[in-house]
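Subject: Structure for your reading

Dear colleague,

Please find the structure below, together with its sequence.

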Amino acid sequence: MKIYISGPISNDPYHREAFDKAELYLSNLGYKVTNPLDIPEKQFNGPDKDIKLWNYFMRKSIKLLVDCDQIYMLEKWEESRGAKIEHQLATDLSMPRMYEEEDIERV
């Protein structure tokens, strides 16, 4: 079963730690984990480079998400524009959703 990790990235200085921890946890549960932080970096120039970068990562992330069976939402996902889009897409596609704050195994 493939699972996609979703959560805040742009405004969370500790996002790498949160995603890596979730990836290890889910792998130990037997999932094949898709981590959007593995998307190759790309550089953009110009005054709208941040918008182009965000669009680049979201397009790549959505492609990864739709190839998964399930989504795992990290804490504070509701504060992330991208994670809310991913959550809505997973909901619309009737994908099972797991939430870090409700995950009994991690408590």
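The notes below take up the strands, then the nonpolar cores, then the aromatic rings.

This is a predicted model, in which local features need pLDDT of at least 70, side-chain atom pairs count only at pLDDT 80 or more, and totals for chains, interfaces and linings use all residues. Residues are numbered from 1 along each chain as its sequence is written, and side-chain values use heavy atoms, with hydrogens and water left out.

**Strands**

Helices (H or I, at least four residues) and strands (E, at least two) are DSSP runs, numbered from the N terminus. Two strands pair if DSSP finds at least two bridges between them. Strand β1 (residues 2-6) runs parallel to β3, and four bridges join the two. β1 also pairs in the parallel sense with strand β2 (residues 32-34), over three bridges; there, Tyr4 has Thr34 in β2 as its bridge partner. Buried means under 20% relative accessible area, exposed over 50%, and partly exposed in between (1.4 Å probe, protein chains only). Four of the five residues of β1 are buried, so this strand is largely enclosed by the rest of the structure.

Strand β3 (residues 70-73) points Gln70 and Tyr72 one way and Ile71 and Met73 the other way, and all are buried. Tyr72 stands opposite Ile5. Tyr72 also stands opposite Met98 in β4. Three bridges join β3 to strand β4 (residues 97-99), and these two run parallel. From β3 the chain crosses through helix α3 (residues 81-92) to β4, in a right-handed β-α-β crossover. Right-handed applies if, with the strands pointing away from the viewer, the path from the first strand over the helix to the second runs clockwise. β1, α1 and β2 likewise make a right-handed β-α-β unit.

**Nonpolar cores**

A nonpolar core is a set of buried Ala, Val, Leu, Ile, Met, Phe, Trp, Tyr and Cys residues joined through side-chain atoms within 4.5 Å. The largest one has 11 residues, including Ile3, Ile5, Tyr25, Tyr72 and Met98. The elements giving two or more residues to this core are β1 and α1, and α1 gives the most, with four. Apart from this core lies another, of 10 residues, among them Tyr4, Ile71, Met73 and Trp77. In soluble globular proteins, nonpolar side chains tend to be buried together.

**Aromatic rings**

Rings of Phe, Tyr and Trp (its six-membered ring) pair if their centres lie within 6.5 Å; planes under 30 degrees apart count as stacked, over 60 as edge-to-face and the rest as tilted. The structure holds four aromatic pairs. One of them is the tilted pair of Tyr25 and Tyr72, at 6.5 Å centre to centre and 50° between the planes. This pair links distant parts of the chain, 47 residues apart, with Tyr25 in helix α1 (residues 15-28) and Tyr72 in strand β3. Both Tyr25 and Tyr72 are buried.

The ring centres of Trp77 and Tyr99 are 6.2 Å apart with the planes at 35°, so this pair is tilted. Because Trp77 lies in the loop between β3 and α3 and Tyr99 in strand β4, the pair ties together parts that are 22 residues apart in sequence. Trp77 is buried, with a relative accessible area of 11%, and Tyr99 counts as buried at 17%. Elsewhere, ring pairs link Phe44, Tyr56 and Phe57 into a cluster.

With kind regards
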